[in-house]
Amino acid sequence: MKPPEEAEARPLWKRFVARRVLVLATLLLVGWWVGCTSDVRFPTDPKDPVSVYLVKNGLHRGLLLPEGDRAGVGGYVEYGYGEWEWYGCGNNSWYRVFPAVLWPTAGGLGRRRFSTRDAGALRRRLAGAELQKLIVARDRAVALRRELERRWDDGRSQLDEPPSRSFGLLFVPVDDGYWMFNNCCDEVARWLEALDCPVESVLLRFDLEVEVP
């Protein structure tokens, strides 16, 4: 026969999980009711325009930025954001959904490079993903890419082993706290705002959609 303290531990654990599931379900329902997709609009009259792409791959959202600082130089770099334990450490069992969305945990920044600037070639390389194009000012795209490169390099310096690969990207740890109110859509929305793209605000952001002008 089990000691009384062990007999009590399981119901308490079950109640803890049940509360978290209830909170999660409630917040998700509220998010769907209030609105879960942010519309993204093109900037007005961008100077020295260049194409960037919103990447929609399953539940993951990322951004493709031109790699070079001048027209016709370099390819594209894709950046993405996710929970570090899930993307960087491979701890993606079903029960990790709860800590990943219900309270802030360590974030991860992913990166991969493409040698081409051809839109058709990019779509072939990213088979299964949807690419939505935006036209933005080159100087803003360059500044954002440099900032994301700096953050990725800082995260790489914290690792004693090669970065982990997920969705084809190499992930490194970053300081941002990941949870339902700061997920990959929220992070990409901030990147788009840095490109002067107006992004609609919603209570819980589960998706991004580019409005065709």
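Which residues is P46 in contact with, leaving aside its neighbours within four places in sequence? In this predicted model, P46 is in contact with I135, V136 and A137. P46 itself is placed in the loop between β1 (37–40) and β2.

The protein as a whole contains six helices and nine strands. Of its 213 residues, 45% are buried.

Seven of the strands form an open sheet, in which the order is β6-β2-β3-β4-β5-β8-β7 and the pairing is antiparallel. The edges of the sheet are β6 and β7 (164–166), each of which pairs on one side only. On average, neighbouring strands of the sheet are turned by 35 degrees against each other, direction ignored. Strands of a sheet pair through backbone hydrogen bonds, either parallel or antiparallel.

Strand β2 covers residues 49–57, and seven of its nine residues are buried. On one side, β2 is joined to strand β6 (residues 130–137) by eight bridges, and the two strands run antiparallel. Within this pair, P49 stands opposite A137 of β6. Strand β2 also pairs with strand β3 (residues 60–66), again in the antiparallel sense, over five bridges. Here N57 stands opposite H60 in β3.

The hairpin of β2 and β3 has two residues between its strands, and G58 in this hairpin takes a positive phi near 65 degrees. L59 also lies in the loop between β2 and β3. Residues count as exposed over 50% relative accessible area, so L59, with a value of 79%, is exposed. The C-alpha atoms of L59 and D207 are 8.1 Å apart in space, while the two residues are 148 residues apart in sequence.

Elsewhere in the sheet, strand β4 (residues 76–83) and strand β5 (residues 105–114) run antiparallel and are joined by eight bridges. In β5, R112 is the bridge partner of E78.

Two helices lie across strands of the sheet. Helix α5 lies across β2, β3, β4, β5, β6 and β8 (169–178), and runs at about 120 degrees to β5. Helix α6 (residues 184–194) lies across β2, β3, β4, β5, β6 and β8, and runs at about 25 degrees to β3. The length of α5 can be checked against expectation. This helix has 19 residues (138–156) and, at 1.5 Å a residue, should span 27 Å; its end C-alpha atoms are 27 Å apart, so the two values agree. Buried residues of α5 include R138, A141, V142, L144, R145, L148, E149, R151, W152 and G155.

In soluble globular proteins, nonpolar side chains tend to be buried together. In this model, the largest nonpolar core has 35 residues, and those with the most contacts inside it are W191, L192, L195 and L208. Helix α6 provides the largest share of this core, with six residues. A second, separate core has nine residues, among them Y53, L64, F114 and A129.

The surroundings of L195 can be described in more detail. When neighbours within four places in sequence are left aside, L195 is in contact with P43, V52, L63, L65, V136, R140, A141 and L144.

A further residue of interest here is L134, which is found in strand β6. Is L134 buried or exposed? Residues under 20% relative accessible area count as buried, and L134 is therefore buried, with a relative accessibility of 0%. Not counting residues up to four places away in sequence, L134 touches V40, R41, F42, V50, S51, V52, L192, C197 and V210. One of these, C197, is 63 residues apart from L134 in sequence, and the C-alpha atoms of the two are 8.6 Å apart in space.

Technical notes: Residues numbered from 1 in each chain as written. Predicted model: local features only at pLDDT ≥ 70, side-chain atom pairs only at ≥ 80, totals over all residues. Heavy atoms only, no water. Buried < 20%, exposed > 50% of the residue type's maximum accessible area, 1.4 Å probe, protein only. Helix = DSSP H or I, 4+ residues; strand = E, 2+ residues; numbered from the N terminus. Pairing = 2+ DSSP bridges. Expected span 1.5 Å × (residues − 1). Axes fitted to C-alpha atoms, helices over the stretch in contact; angles between N-to-C directions. Contact = heavy atoms within 4.5 Å. Core = buried A, V, L, I, M, F, W, Y, C linked by side-chain atoms within 4.5 Å.
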